[in-house]
Each structure stands twice: as structure tokens, then as C-alpha cells.
Amino acid sequence: MTPEASVTDLQQERPAPGRTSPPRTGASFGPPMTNSPPAADSPPRTQTPAAELISVGLSFQSSRGRAVVLEDVNLKIFPGDFVCVLGPSGCGKTSLLNLVAGYLPGTEGEVLVGGAPQLGPNPRVGVVFQAPNLFPWLTAFKNIEFGLKMLGGEKKKRRERVLELLKLISLENSRDLLPHEMSGGMRQRVAIARALALDSKIVLLDEPFSALDALTREMMQKHLRDIWGQARRCFFFITHDVQEALLLANRLVVMSASPGRIFADFKNPLREPDDRDFEEVRADPRFPGLRADLLEMIQGNSCVI
Ligand SMILES: Nc1ncnc2c1ncn2[C@@H]1O[C@H](COP(=O)(O)OP(=O)(O)OP(=O)(O)O)[C@@H](O)[C@H]1O
Ligand SMILES: [Mg+2]
């Protein structure tokens with residue numbers, strides 16, 4: 001099938017806004033992966049998932065009653081996955097990340113990290129937040145080194161690891177800068193290096209570039225793809241930006257709201273092969289159709305506040 005045919009098929013398939021069912025098995029999207037065996041064209045995934053959520057639910061009790069934030073969430077993410085999670089505001093993306101990070105216990109179900117129950121924050125999971133919460137009194141070098149130092153170990157090895165990471169984020173020459181002397185993009189790169197320092201199997205990123213200007217953001221997106229390509233960890237990246245998701249992710253997860261559920265889960269066809277650069281991804285004739293379809297999925301699944 002030609003790429004043009006894929007876009008046309010997808011556009012013809014596009015349902016009315018406000019739909020509540022996942023996309024049909026479209027030529028571009030491929031079959032949804034949620035709660036189902038791997039797509040026929042993907043290799044069998046026999047490894048232990050980097051993280052797994054089994055029938056996970058999350059609710060909060062308040063004076064106004066019980067609010068169900070997440071319901072029956074089932075998701076497996078694997079080493080080497082670059083997953084982008086999209087969904088309307090308030091649908092529970094950050095809550096989902098907090099469960100995987102071990103910051104929050106689920107109300108129902110089970111969260112496993114590397115096959116073991118997630119019982120609390122631990123070095124197996126790295127987290128990067130929207131605001132890079134670096135220690136203001138520590139240099140770039142020392143911020144990255146901090147977690148390694150807490151774990152102990154040989155000083156020489158620790159230093160080598162930090163220097164390697166500084167190179168990975170292209171900040172070898174800025175190692176002695178304090179956070180207030182860095183740009184927003186530099187601070188966010190240090191936060192990413194800090195999350196990578198502990199050799200965590202999975203790195204969770206919650207809208208890490210949303211506060212950056214367009215140019216810095218694109219530079220950071222490219223950086224992150226390169227870092228992922230070299231480190232080949234599992235990246236779980238939350239974003240509001242459909243274009244960002246299509247550029248970065250190999251796998252796209254869309255959530256619906258009220259309560260938050262996994263609505264769709266599929267391979268990003270624009271990332272096959274996955275060494276394409278951003279310009280190639282953007283120039284793909286399927287790009288506009290996929291972007292429109294994702295937007296419609298998100299808007300169609302918003303909660304009315
Ligand atoms: N500690 C809490 N107590 C009560 N309700 C909470 C708590 N934390 C989150 N919520 C509710 O859970 C829902 C999901 O919040 P969450 O922050 O996970 O959404 P989100 O998808 O990340 O939104 P956004 O895209 O705006 O960042 C919201 O309705 C929020 O009010
Ligand atoms: Mg959030």
C-alpha cells in the first residue's frame with residue numbers, strides 16, 4: 001500500500017468527534033495493542049516488561065466523596081520502548097506516572113517494575129519532571145553525581161560515569177555551572193542525565209519540554225531521541241503535544257478521561273524504521289492524517305469539567 005493510500009484510508013475511517021471506541025484497525029495505525037497479543041507484524045515480546053500495570057485502579061477519597069481517577073489500566077512497557085502517552089488534561093497521565101515511579105500506591109491491581117512489585121521510589125526508575133528540580137547549590141556535575149553518591153561505590157567509577165553522561169547531553173564544558181547559570185534547556189538536560197545516572201531500566205518523563213521555547217524544545221527532542229538511541233532504556237514520556245509524540249515515540253498510548261483508561265495503544269508507523277530523522281518523519285505523507293486522528297481521539301475523550 002502506498003503512503004498516500006494510507007492517509008486516505010485513515011481519513012475515510014475517521015469517526016465523528018466524541019467517539020468513545022478505539023480507532024479501527026487502520027492502515028496507518030495498525031491494530032491497537034491494549035490487552036491484546038502483540039501486533040502480527042511485531043516480534044514476539046518475550047522479555048520481562050520494564051514495567052507492567054495489571055488491572056490498576058486509583059481513586060481518592062475526599063469530603064465530596066470518592067473520585068475514581070484510573071480504572072482497569074493494563075499496560076506492559078518493554079526495554080527499548082519509547083512510549084509517548086497522550087490524553088486530555090486531567091485524565092490521569094501524571095497519576096499513572098506516579099504509580100510506576102512508586103510515589104503513589106494504586107487502589108486496585110498491581111504495578112510491577114522489572115517483574116517485581118513496585119513498593120516505593122527506587123533507583124530502578126528515573127523520573128524527569130516538567131520543572132527540572134535540580135539542587136540549586138550543586139553544579140551540573142554534582143547534580144548528576146548526587147544519586148550515585150547516595151548509592152556509594154568507588155569515586156573514580158562514579159566520576160567516569162558522570163563525565164560520560166555530561167558528554168551524552170553535550171554539556172562537557174558546562175560541568176561547573178550552577179543551575180541559575182544554566183539555560184532552561186541545559187537544566188532539563190542535567191535533569192535527564194541525573195535520571196539516567198542510576199542505570200534505571202525505565203525513565204519516566206512528565207511533559208519535560210513544555211516550558212521551553214519552540215527552538216530549544218526541538219533541540220531537546222532531538223537530544224532525547226539520540227540519548228534514547230544510545231542508552232536504549234525504556235522511555236515513558238507524557239506529552240500534550242501530538243506532533244512531539246509522533247516525532248519521538250515508537251509506541252503511542254492514548255488515554256481517555258473520567259475515569260482514566262487506556263483508550264488506544266499502537267506502534268507509531270512514522271517511526272519505522274526507527275532511525276529516521278525528524279525531517280523525514282514530518283515529510284511522511286501520513287503525518288498530517290495521523291496528527292489529525294490523534295487530536296480527534298484526545299478531544300473526543302476529554303471530560304467535561
Ligand atoms: N492527590 C489527589 N487528590 C485528589 N485528586 C487528585 C489527586 N491527584 C490527582 N487528582 C485528580 O486526578 C485527576 C488526574 O490528575 P492528573 O494530574 O493525573 O492528570 P493529568 O492527565 O496529568 O492532567 P494534565 O494533563 O493537566 O497534567 C484530576 O482530576 C485530579 O484532580
Ligand atoms: Mg499531568
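1. Let's start with Gly80, which sits in the loop joining β2 and β3 (82-86); helices (H or I, at least four residues) and strands (E, at least two) are DSSP runs, numbered from the N terminus. Please keep in mind that this is a predicted model, in which local features need pLDDT of at least 70, side-chain atom pairs count only at pLDDT 80 or more, and totals for chains, interfaces and linings use all residues. Residues are numbered from 1 along each chain as its sequence is written, while chains are lettered from A and ligands numbered from 1 in the order in which they are written.

2. Is Gly80 buried, exposed or partly exposed? With 16 other C-beta atoms within 10 Å, Gly80 is partly exposed (buried means 20 or more other C-beta atoms within 10 Å of a residue's own, exposed 12 or fewer, and partly exposed in between, with C-beta atoms placed from the backbone). Beyond its neighbours within four places in sequence, Gly80 is in contact with Arg232 and Cys234, contact being C-beta atoms, placed from the backbone, within 7 Å. The C-alpha atoms of Gly80 and Lys201 are 9.3 Å apart, although 121 residues separate the two along the chain.

3. Now for ligand 1. The residues around ligand 1 include Phe60, Ala67, Val69, Lys93, Thr94 and Ser95 (a C-beta atom, placed from the backbone, within 6 Å of the molecule). Both β2 (65-77) and α2 (93-101) supply at least two residues of this shell, and α2 gives the most, with three. By class, the shell holds four nonpolar, six polar and one charged residue; nonpolar means Ala, Val, Leu, Ile, Met, Phe, Trp, Tyr, Cys and Pro, charged means Asp, Glu, Lys and Arg, and the others, Gly among them, are polar.

4. Helix α4 is worth a look too. Residues 155-168 form this helix of 14 residues, and its first and last C-alpha atoms are 20 Å apart, close to the 20 Å expected at 1.5 Å a residue (1.5 Å times one less than the number of residues). The buried residues of α4 are Val162, Leu165 and Leu166. Seen down the axis of α4, these fall within an arc of 105°, so they line one face of the helix; the arc is that of the directions from the helix axis to the C-beta atoms. They pack against α3 (140-151) and α5 (184-197). On the face turned away are the exposed residues Lys156, Lys157, Glu160 and Lys167.

5. Finally, the whole protein: nine helices and 10 strands, with 41% of the 305 residues buried.

Notes
Two residues are in contact if their C-beta atoms, placed from the backbone, lie within 7 Å.
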